[in-house]
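The tour goes from one selection to the next and says what is found at each stop.

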Amino acid sequence: MKKGLVIDREAQMIGVYLFEDGKTYRGIPRKKVLKKTKIYAGDYVLGEVVDQNSFAIEDLEERKNFLVRPPVANVDKVLVVMSIKMPEFDNFLLDNLLVVYEHLNADPVIVFNKIDLLDQREIKELEKWEKLYKDAGYDVLKVSVQKNTGFEELKKYLEGAICVLAGPSGVGKSSILSKLIGIQLETREVSEKTERGRHTTTGVRLFPFGKGSFIGDTPGFSSVDALYFMDKKEVRLYFREFLRYRCKFPDCTHTREPECRVKEAVSAGEISCERYRNYLRIIREDMSIAEEICQ
Ligand code: GDP
Ligand code: ZN
């Protein structure tokens with residue numbers, strides 16, 4: 001059987017990109033596939049070409065993840081787009097997004113856009129955040145759509161990946177999308193107010209770009225509250241740098257327990273106070289815990 005990727009999912013329409021020839025076919029699911037599960041953009045399918053337009057879907061590969069918003073499966077990279085200004089950088093929002101995407105098992109990477117807008121002082125600030133997040137264990141890329149910088153690196157970094165954009169309004173998500181796929185296209189904003197965003201009627205599309213990469217035309221979250229997705233106790237698992245330390249209690253919440261290696265690391269400057277404070281804020285803890293160890 002041949003392998004394809006569902007890149008277009010809208011009502012009864014299933015667009016399947018066939019890896020063998022790079023062409024898109026109309027997917028026709030066989031009964032047993034239909035019975036098993038619903039098909040989404042990002043699903044890897046197996047089947048046979050029926051004619052020059054149609055592909056019979058015989059089977060569906062198991063998903064490694066599924067982002068509900070947008071409804072895309074097997075997302076390899078979430079480009080969490082941020083800017084230092086216009087809009088102003090918000091590290092609390094960023095940390096919430098990182099936690100949620102890590103929880104959804106989709107690797108978040110930080111993309112700073114609009115670096116053309118920065119003066120010397122702001123460049124220093126950007127470099128501070130870049131180092132902070134790299135030290136915490138995240139990949140950080142810097143681009144400017146305006147000046148067309150950083151896109152070679154970004155494309156290389158995303159080779160072979162299924163990606164989705166996320167981040168606050170105005171940071172340049174639709175501009176980045178257009179730049180990557182080489183055509184002007186508005187990203188479809190998902191309604192914040194109702195669970196039924198526009199995608200329920202228009203569907204999500206994945207666009208091929210670069211070397212075997214795909215990107216969704218509908219962005220993910222612009223802001224989130226991590227506790228909407230998980231229990232307080234789970235949040236510590238999604239602060240990457242915390243996982244390097246073994247506290248006395250394996251289920252240590254890094255708040256009031258004795259012999260907490262994470263708090264020791266904060267105190268020693270190995271873990272940033274910004275990140276630790278945001279951790280406390282996300283789990284609605286008493287912020288004075290940080291004051292004791294952050295000067
Ligand atoms: P979105 O809301 O995240 O999709 O952001 P848009 O792509 O709509 O961009 C918001 C505004 O920022 C638009 O006016 C863009 O032209 C502008 N913009 C996007 N990227 C850049 C950039 O790299 N530099 C500058 N100076 N402006 C940018
Ligand atoms: Zn601890």
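Select Glu 130 and Lys 142 and show their side chains: the two form a salt bridge in this predicted model, and the closest N and O atoms are 3.0 Å apart. Glu 130 sits in helix 3, residues 120–136, while Lys 142 belongs to strand 10, residues 140–142. The pair therefore ties together parts that are 12 residues apart in sequence. Are the two partners buried or exposed? Glu 130 counts as buried, because its relative accessibility is 12% and the limit for buried is under 20%. Lys 142, at 30%, counts as partly exposed.

Why can such side chains pair at all? Side chains of opposite charge can do so when their charged atoms come close.

**Next stop: Asp 107 and Arg 240**

Select Asp 107 and Arg 240. They form a salt bridge whose closest N and O atoms are 2.6 Å apart. How far apart in sequence are the parts that this pair ties together? Asp 107 lies in strand 9 (residues 107–113) and Arg 240 in the loop between strand 13 and helix 7, so the answer is 133 residues. Both partners are partly exposed: Asp 107 has a relative accessible area of 24%, and Arg 240 has 21%.

Together with Asp 107 and Arg 240, they are linked in a network of salt bridges.

**Next stop: Asp 76 and Lys 64**

Now select Asp 76 and Lys 64. Their side chains meet in a salt bridge, 2.8 Å from N to O. Asp 76 is in the loop between strand 7 (72–73) and strand 8 (77–83), and Lys 64 is in the loop between strand 5 (54–60) and strand 6 (66–67), so the bridge ties together parts 12 residues apart in sequence. Lys 64 is partly exposed, with a relative accessible area of 42%. The pairs visited up to this point are among the 23 salt bridges counted in the model.

**Next stop: the zinc ion**

Select the zinc ion (ligand 2) and display the residues around it. Which protein atoms are its donors? They are SG of Cys 247, SG of Cys 252, ND1 of His 254 and SG of Cys 260, at 2.2 to 2.4 Å from the ion. The angles among the 4 donor atoms run from 103 to 115°, and the site is tetrahedral. Read along the sequence, the donor residues follow the spacing C-x4-C-x1-H-x5-C. Cys 247 and Cys 260 are 13 residues apart, and each is in the loop between strand 13 (213–216) and helix 7 (261–267). Cys 247 counts as buried at 13% relative accessibility, and so does Cys 260 at 5%.

**Last stop: the whole chain**

Clear the selection and zoom out. The chain has 9 helices and 13 strands. Its C-alpha atoms fill a box of roughly 70 × 45 × 35 Å along the principal axes. For 295 residues, a compact globule would have a radius of gyration near 19 Å, and the 21 Å of this chain agrees with that. Of the 295 residues, 52% are buried. Colour the surface by element: the accessible surface is about 14,600 Å², and carbon and sulfur atoms account for 48% of it. Among contacts between residues at least 6 apart in sequence, 66% join residues at least 24 apart.

Notes: Residues are numbered from 1 along each chain as its sequence is written. Chains are lettered from A and ligands numbered from 1 in the order in which they are written. This is a predicted model: local features need pLDDT of at least 70, side-chain atom pairs count only at pLDDT 80 or more; totals for chains, interfaces and linings use all residues. Side-chain values use heavy atoms; hydrogens and water are left out. Donors are N, O and S atoms within 2.8 Å of the metal (3.2 Å for Na, K and Ca); water is not among the atoms, so sites may look incomplete. Four donors count as tetrahedral if all angles lie between 85 and 135 degrees; four count as square planar and six as octahedral if opposite donors are over 155 degrees apart and all others between 65 and 115; anything else is irregular. Helices (H or I, at least four residues) and strands (E, at least two) are DSSP runs, numbered from the N terminus. Buried means under 20% relative accessible area, exposed over 50%, partly exposed in between (1.4 Å probe, protein chains only). The radius of gyration is taken over C-alpha atoms; the globule rule is 2.2 Å times the number of residues to the power 0.38. Contact means heavy atoms within 4.5 Å. Accessible areas come from the Shrake-Rupley method with a 1.4 Å probe; for residues, only the protein chains shown count as cover. A salt bridge is a side-chain nitrogen of Lys or Arg within 4 Å of a carboxyl oxygen of Asp or Glu.
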